[in-house]
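Student: I am new to this structure and would like a close look at one part of it. Please take the disulfide and the strands around it, and explain the terms as you go.

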Amino acid sequence: MRPLVLFLVFVVLIVNSVVVAYSNEFTITIEPGKEDCFYTPVAKNIYLEVDYQVIDGQQGELDIDFHLTSPTGRRIVMESRKSDSTHRTKTFEDGDHKICFDNTFSIFSAKTVFFEISTDNDEDDDDNGEIKIEKKNSDVWGDTDQAFYAGLRPEEIYDIHVQDIKDTVAMVRGKLTRAQEFQDQIRAFEARDRNTAEGNFTRVNFWSMIHLIALLITGVVQVVMVRSLFDDKSTLRRLWKQGKM
């Protein structure tokens, strides 16, 4: 019976962690002269993190204006002409926070933006993201533990173990979420580099064809003009002779 209870507690803890922390990612296209805004509900004293990257600019610069606004209209973050950035801030108001990407400065180029929104109730990752694993001796119930649990009822010891499970689940889930966010960022950088390479390839091919066509037209015109100079019936030769006279 006790293993079943532990399993149910484990499931409840996972569900609670999902409710408190979430992560969503989007890819949007912002037309020139337009501004797109998104609203995300965030509770008070929760950490809100927004990561964005401009992955395509349609022959233009890879930049965008960005601002984050609180439910009462207070500007939390405001940036101009950035290609990518990450912001993590603690919310002091409960409600819908507005996230806006502004492309009004652009006249011709639409911008494709990849961004990720995540929330959690933990402080910044410490120890450079390393997970601390506490190594215990095989004698778990040694003298130290016996002294620690001395005088506690079985229910209290059980609550302590449940809290340990909760802390471990939250830590593991947080690290997995961060790993997924890093992978998403790497994919976004790869998409941006691929779009840049494909744009350069298209421009090189386009101007190469223009130059090739110009060379062919120039060559044809030169051949026609040279042949006309030696043709007695050509209009160009007659004009040339009249000019000499």
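Tutor: A search of the whole structure finds one disulfide, a term used here for a pair of cysteine sulfur atoms within 2.5 Å. The model is predicted, so local features need pLDDT of at least 70 and side-chain atom pairs count only at pLDDT 80 or more, while totals for chains, interfaces and linings use all residues. Residues are numbered from 1 along each chain as its sequence is written, and side-chain values use heavy atoms, with hydrogens and water left out.

The disulfide is formed by Cys 37 and Cys 100, whose sulfur atoms lie 2.0 Å apart. It links distant parts of the chain: Cys 37 belongs to strand β2 and Cys 100 to strand β7, 63 residues apart. Strands are DSSP runs of E with at least two residues, numbered from the N terminus. The torsion about the S-S bond of Cys 37 and Cys 100 is about 110°, so this disulfide is right-handed. Cys 100 is buried at 0% relative accessibility, whereas Cys 37 is partly exposed with a relative accessible area of 30%. Buried means under 20% relative accessible area, exposed means over 50%, and partly exposed is in between, with a 1.4 Å probe and protein chains only.

Two strands pair if DSSP finds at least two bridges between them. Glu 35 has Asp 102 in β7 as its bridge partner.

This pair is part of an open sheet of four strands, in the order β2-β7-β4-β5, with antiparallel pairing. The edge strands, each pairing on one side only, are β2 (35–42) and β5. From one strand to the next, the twist averages 15°, based on axes that are lines fitted to C-alpha atoms, with angles from 0 to 180 degrees between N-to-C directions. At the β5 side, β4 (residues 64–69) and β5 (residues 75–82) run antiparallel and are joined by five bridges. Leu 68 stands opposite Val 77 in β5. Five residues lie between the strands of this hairpin, where Gly 73 takes a positive phi near 95°.

Leaving aside neighbours within four places in sequence, Phe 101 is in contact (heavy atoms within 4.5 Å) with residues including Glu 35, Phe 38, Tyr 52, Phe 66 and Val 113.
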